Amino acid sequence: MALVDEVKNELAGITDDAVSIKKAQASAMIRFGGGLRTLQRHVIVITQFSNAQSAKWLQNTIRTVYGHEAELVQTIRELPKGSVNWYSVRVFRSGGALALQSGMLDRRRRPVKGLPDEIIQGNIAQVKAAWRGAFLSRGVLSEPGRAPYLEIMCPSVEAAEDLVYMARRLGISASQRKVMSSVRVTLRDADVIERMLILMGADYTAREWSGKHLDSEARGKANRLANFDDANMRRSAKAAVEASEKVTRAFEILGDDIPENLRAAGQLRLDHREASLEELGRLADPPITKDAIAGRIRRLLQLSNKVEKQRALSQKNM
């Protein structure tokens, strides 16, 4: 089971006896889950969910809180990556009454594009419930190993603006963005996401998500460090081999005319071709620092370059 489904199962399992809180969550689920349609001049309510427990919660709430019967229908959608189950909650006969009760229609029976004002400006418990309902309907959550994000696809710009405003009331900054024809509200900071999950009521899965995210982040950092170390080792080995070739050439050019300390440093490089400069310094007799061994090899190569240029100039002048 994907972690987002675990979160939604936990949220759908919340039991709160306060009718105002149940109505706030149900209104958000109706708005974000699909909303209203008109069939032969009659208003009907059709909402769709990817999570079975979310759909069952709304069906039960419509019956117990609003007093209407709702049918729950499961359908299967075939996608390129496989089949996906969708759960539709439908209210046909009393759809208009439910739309008025849930705030999807105003008193003049005009559609409300966002959420009802009494929820947006309601108490903090209602605001939390509305966010919970929106997430249960169209919320997604990043899996461990991916960049953290919590995102809700919104049915309208007004609904997105209402979510952003309510998040601000909860002390959370959410961003609104357009992706092709859809509007989305997104959280991207891991600490903020964990806090929002807890505010919505997913205490257990919030800790689970945060723990898995931190573990994944730690593994990623360890892998990056290991790759960095491997790259450094490869570069060091390549540089050591190239230096050995240059020392060999320097010995050929200078012959016996080499200061003893430079010759000893060069010979160490040839005897231990893959060793680091620090290792060469420890092998010297007496031991010296890596900067000292590097300096001697550098002076050896500079001396050979100077002698080679002098010889080339002399041959040119002959």
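Buried means under 20% relative accessible area, exposed means over 50%, and partly exposed lies in between (1.4 Å probe, protein chains only). Keep that scale in mind as you click along.

The model is predicted, so local features need pLDDT of at least 70 and side-chain atom pairs count only at pLDDT 80 or more, while totals for chains, interfaces and linings use all residues. Residues are numbered from 1 along each chain as its sequence is written, and side-chain values use heavy atoms, with hydrogens and water left out.

This tour follows salt bridges, where a side-chain nitrogen of Lys or Arg sits within 4 Å of a carboxyl oxygen of Asp or Glu. The count by this rule is six.

**First stop.** Select E151, which is buried at 6% relative accessibility. R177 belongs to strand β7 (residues 175-179) and E151 to strand β6 (residues 150-154), so the pair ties together parts 26 residues apart in sequence. Strands here are DSSP runs of E with at least two residues, helices are runs of H or I with at least four, and both are numbered from the N terminus.

**Next stop.** Select R249 and E308, whose salt bridge spans 2.9 Å, N to O. R249 lies in helix α9 (residues 203-254) and E308 in helix α12 (residues 290-317), so this pair ties together parts 59 residues apart in sequence.

**Last stop.** Select R110 and D106, a salt bridge with its closest N and O atoms 2.9 Å apart. R110 is partly exposed at 46%, and D106 is partly exposed at 21%.
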